[in-house]
Amino acid sequence: MENIMMWVWIGLGVLFILIFMANIKIVSQSNAFIIERLGAYRTTWGTGLHLKIPFIERVAKVVLLKEQVADFPPQPVITKDNVTMQIDTVVFFQITDPKLFTYGVMNPISAIENLTATTLRNIIGELELDETLTSRDTINTKMRAILDEATDPWGIKITRVELRNILPPRQIQEAMEKQMRAERERRESILRAEGEKKSAILVAEGQKESQILAAEAEKQSEILRAEASKEAQIRIAEGEAEAILKVQEANAAGIKMLNGANPASNVLTLKSLEAFASIADGQATKIVIPSEIQGIAGLAKGIMETIKD
């Protein structure tokens with residue numbers, strides 16, 4: 001009997017240890033445990049070691065506090081100009097209040113999806129197709145503000161909303177592709193025309209500069225030729241002046257020698273006749289002979305006749 005009681009106590013001890021170990025909970029980082037006592041909310045456990053009362057308290061929900069991503073399938077929306085398109089969204093959110101997240105809404109992710117779809121339809125319904133395609137940032141900002149305000153009672157913080165794909169109808173896509181192709185061809189034509197224009201301008205400027213350089217070269221050449229001709233004329237004039245100076249110096253030297261030799265009147269007479277002869281050799285058509293020269297000429301003629309007799 002004692003052995004049976006011993007085993008019973010041992011069994012109870014082991015059971016107590018197992019129950020005790022089962023009720024020790026360790027909450028890891030970025031997690032939160034919602035604890036209920038007899039079906040009612042008791043507390044929220046944060047990071048660390050915790051012990052719950054067995055059979056009375058239970059872990060109702062484990063909440064992840066990290067930022068999460070919800071990728072929703074494409075939703076059909078209609079624009080202001082009655083174009084139906086498919087848009088899929090990506091929502092980034094974070095749980096800020098585990099209690100509200102647990103008890104605020106039945107299925108939070110499904111609620112966010114439905115709220116995103118209705119908000120997207122309302123925003124796109126106020127925009128035309130072109131505005132929808134070019135206003136992604138505006139749409140993202142509006143959706144984030146609306147969703148963040150709507151999910152506050154659920155303990156959820158919407159950190160970011162992105163429109164991942166916007167898929168218009170096939171006919172619209174083909175028309176847009178044609179428009180883009182035409183726009184690219186137009187830009188290509190403009191760029192080609194601008195290139196040809198710049199090329200023509202560069203060629204014209206090159207020709208202009210070439211003509212300017214040729215004209216400047218010709219002008220410089222004429223200046224150099226004029227300077228060379230001027231220098232040649234100066235040198236010729238200097239040579240002639242020097243020659244005249246030499247002749248005058250020679251005449252002056254001759255006169256000086258005659259004066260020094262005290263020549264007779266007959267010699268002076270002959271020199272006068274030689275000077276008259278040199279004057280007569282010129283290009284003048286009319287010569288005026290002084291009376292003194294006429295007398296000398298008659299004297300010279302008489303001397304020549306006497307010699308002949």
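Helix α5 takes in residues 136-151, 16 residues in all. At 1.5 Å a residue, the helix should span 22 Å. The C-alpha atoms at its ends are 22 Å apart, so expectation and model agree.

Next, the buried residues. In α5 these are I139, N140, M143, L147, D148 and T151. They cover an arc of only 150° around the axis, so they sit on the same side of α5.

Now the opposite face. Turned away from the buried side, this face of α5 carries D137, T141 and E149. These three residues are exposed.

Last, confidence. The mean pLDDT of the protein is 80. Of its residues, 81% reach 70 or more. Among the elements, strand β2 (residues 31-37) has the highest mean pLDDT, 92. Helix α8 (residues 291-308) has the lowest, 51. Where pLDDT is low, predicted coordinates should not be read in detail.

In short, α5 has a buried side with I139 and M143 among its residues, and a face turned away from it with exposed residues, including D137.

Key:
Residues numbered from 1 in each chain as written. Predicted model: local features only at pLDDT ≥ 70, side-chain atom pairs only at ≥ 80, totals over all residues. Heavy atoms only, no water. Helix = DSSP H or I, 4+ residues; strand = E, 2+ residues; numbered from the N terminus. Expected span 1.5 Å × (residues − 1). Buried < 20%, exposed > 50% of the residue type's maximum accessible area, 1.4 Å probe, protein only. Arc of directions from axis to C-beta. pLDDT = per-residue confidence, 0-100.
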